[in-house]
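Please open the model in your viewer and keep the selection panel at hand. The tour goes from one selection to the next and says what is there at each stop.

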Amino acid sequence: MINHQAVSFFFVLCILCSSALSVSAQDDRPTEDDIKTERAYVDANRDLLLGNTEEAIAALKEIAKENKSHVGAHYLLGRHYAKRKKFSEAIGYAERAYRNESSNETIARQYADLLSELGQFSDEANVYASLIESNSKNPQTYYRLAYAQVKADDYQAALETYQRLEDWQGITEDNSKRQHSLYLTFGQKDKAAQALKKLADQYPSVLKHRFLLADFYVSTDQTSLAKSTFKDILKRDPENAKAKLALQNLDGKSGGGDQIAYLQTLQTLFQDKDVDIDTKVKELIPVIDRMVDRNDDEALKKQVIKLGRTLVKTHPEEAKAHSVYGDILINAGDGKQAVQAYKRTLELDESVYPVWEQYLYLQNKLGRFESLAESAEEAIDLFPNQPFVYYMHGIGLENTGKFDEAASTLGEAKIMALRDKELLVRILYQQGSSYYKAGKYDKSNKALDEALEINAEDIAVLNLYSFLLAEDKRDIKKAKTLIAQAEKLAPDNPFILDTYGWILFKDGDYKSAVKWAEKAINKGGAKNPEILENLGDIYFKLNKTDQAVEQWQKAKTAGSKNPDIDKKISSKTLIE
């Protein structure tokens, strides 16, 4: 195996040995002292290669002391101390090497780098300027000079350096971009544009340069110039889809706010398979954001969905197309279609974790718990260190009657989510629910107590915990305390108000219970089947049978899942 460090040392040794001999020798034949010095220098290099650093540095210092013109020794000493961040020690050796061999780019670069480390930017610039004067043909030397001049706050000198390089080398993309950036630094927008225009005009067949100019005009809100530049591109390449799309985008922005018309014009381009999908997605992202901001604009929503559908139809095997379509649908409120879009995304590319999150979230929201449990288990195999997928798996298992398995999976999620306190509270909430349904009440209490230790003001935990304690009358007193805390935090939350009434109902205080239950209805619970049914149950206990049946009927209409709801209505009797 080649030792790259050894090669590097050997290279330096060859270059600097010859340099040192040429400086010290006064005629064609080296003196005996010259030979002795070079033997010591070679030995020092060998010690460096072997890791005998202390002996090598001591020898090099002795050489440097005896021979002020020995370039190699001074260079290596400078490099040694620079690597150890001892710049004030390194600079003296580097300067001595430079004074003896100022035209050597390696030696000059070392000295300039050390001057930069010490904040001596003007001196650094002088080193590079001297190299250029000594006929350096390396463009990087010009760039380093310009950068040193910028650090020294001499922007005009830096621009002159770039111009000198251009005069010698011609117009290049690298140099033009640097000039462009520098003009922007001190606010000369017109000259920044001119640098890019000069590049584009120099290479008229290279359209990427003209796109650079057009994109700059767009980024600086110079719409008229941007449009004329894109039109110029289309004159050179009439079928250029990227220019067409950009021009239509600009027409849409300046078209008096007629976003619908603009989106309609995009349909043709979205149908074009030759326009890459990334360009289309780039156009869609701000449109989706606009749709979210204007959520009540059904016409806009319809056009965005149509674009998403076109994207999928044009690129059916691109996972990204289906993912973006899913994002459009979920933001448009169509969760059922969105979940199908995400499913197709994962069929094409199962490696994108954020899509899994959206997919699982939607399945949970839609109540597809069997599918959720299966999908989350698949996600666990792919992402075994992501607590969210275990959390979703636990929800799926609990809602399919596998309470012990759910609690176990949620326990795994809990271990992985210790640093994510918000998710950890959600996991403990779910674990408390699973343990309760499994009949393990102590473990349920422990999980919910732990959640409250993390966040004592989590109203979801307070609501669930108080409800479970009251449901089988295990601890009505604590249930009342917890729900009172929740009600203080969220006095208008219909679910909190409903639970407050239900706890009082369980405690037999029907007169107080009905006040809270009616308040829950008035605060937004009038369409919730559980809240409606609970109020009916309370009315029945107050001997208000007709009002009870009326609420039960409303609960049924609202979608009650209670298998006894019809029996309660027909028999006009509370079934407990």
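**Salt bridges, then a pocket**

Begin by selecting Glu-298 and Lys-301, whose side chains meet in a salt bridge at 3.4 Å, N to O, the term standing for a side-chain nitrogen of Lys or Arg within 4 Å of a carboxyl oxygen of Asp or Glu. Both belong to helix H17 (residues 298-314), where being 3 residues apart separates them by about one helical turn; helices here are DSSP runs of H or I with at least four residues, numbered from the N terminus. Lys-301 is buried, with a relative accessible area of 10%, where buried means under 20%, exposed over 50% and partly exposed in between, for a 1.4 Å probe and protein chains only.

Before moving on, note that this is a predicted model, in which local features need pLDDT of at least 70 and side-chain atom pairs count only at pLDDT 80 or more, whereas totals for chains, interfaces and linings use all residues. Residues are numbered from 1 along each chain as its sequence is written, and side-chain values use heavy atoms, with hydrogens and water left out.

Next, select Lys-568 and Asp-537, which form a salt bridge with their closest N and O atoms 2.9 Å apart. Lys-568 lies in helix H32 (residues 565-571) and Asp-537 in helix H30 (residues 529-541), so this pair ties together parts that are 31 residues apart in sequence. Lys-568 is buried at 2% relative accessibility, and Asp-537 is buried at 6%.

Then turn to helix H10 (residues 173-185), where Arg-178 and Asp-174 are 4 residues apart, or about one helical turn, and their side chains meet in a salt bridge of 3.0 Å, N to O. Arg-178 is partly exposed at 29%, and Asp-174 is partly exposed at 35%.

For a linked group, select Lys-197, Asp-201, Arg-210, Asp-232 and Arg-236, which are joined in a network of salt bridges. The structure holds 30 salt bridges.

Finally, display the largest pocket, which holds about 1700 Å³ of space; a pocket is an open set of points on a 1 Å grid over the protein atoms alone, where a 1.4 Å probe fits, with protein on both sides within 12 Å along at least five of seven lines, and its lining residues have an atom within 4 Å of a point. Of its 38 lining residues, those closest to the centre are Lys-437, Leu-464, Phe-467, Glu-530 and Asn-534. Elements giving two or more residues to this lining include helix H24 (421-437), helix H26 (459-471) and H30.

Note on methods. Grid points are joined across faces, edges and corners, and a volume is the space filled by probe spheres set on the points.
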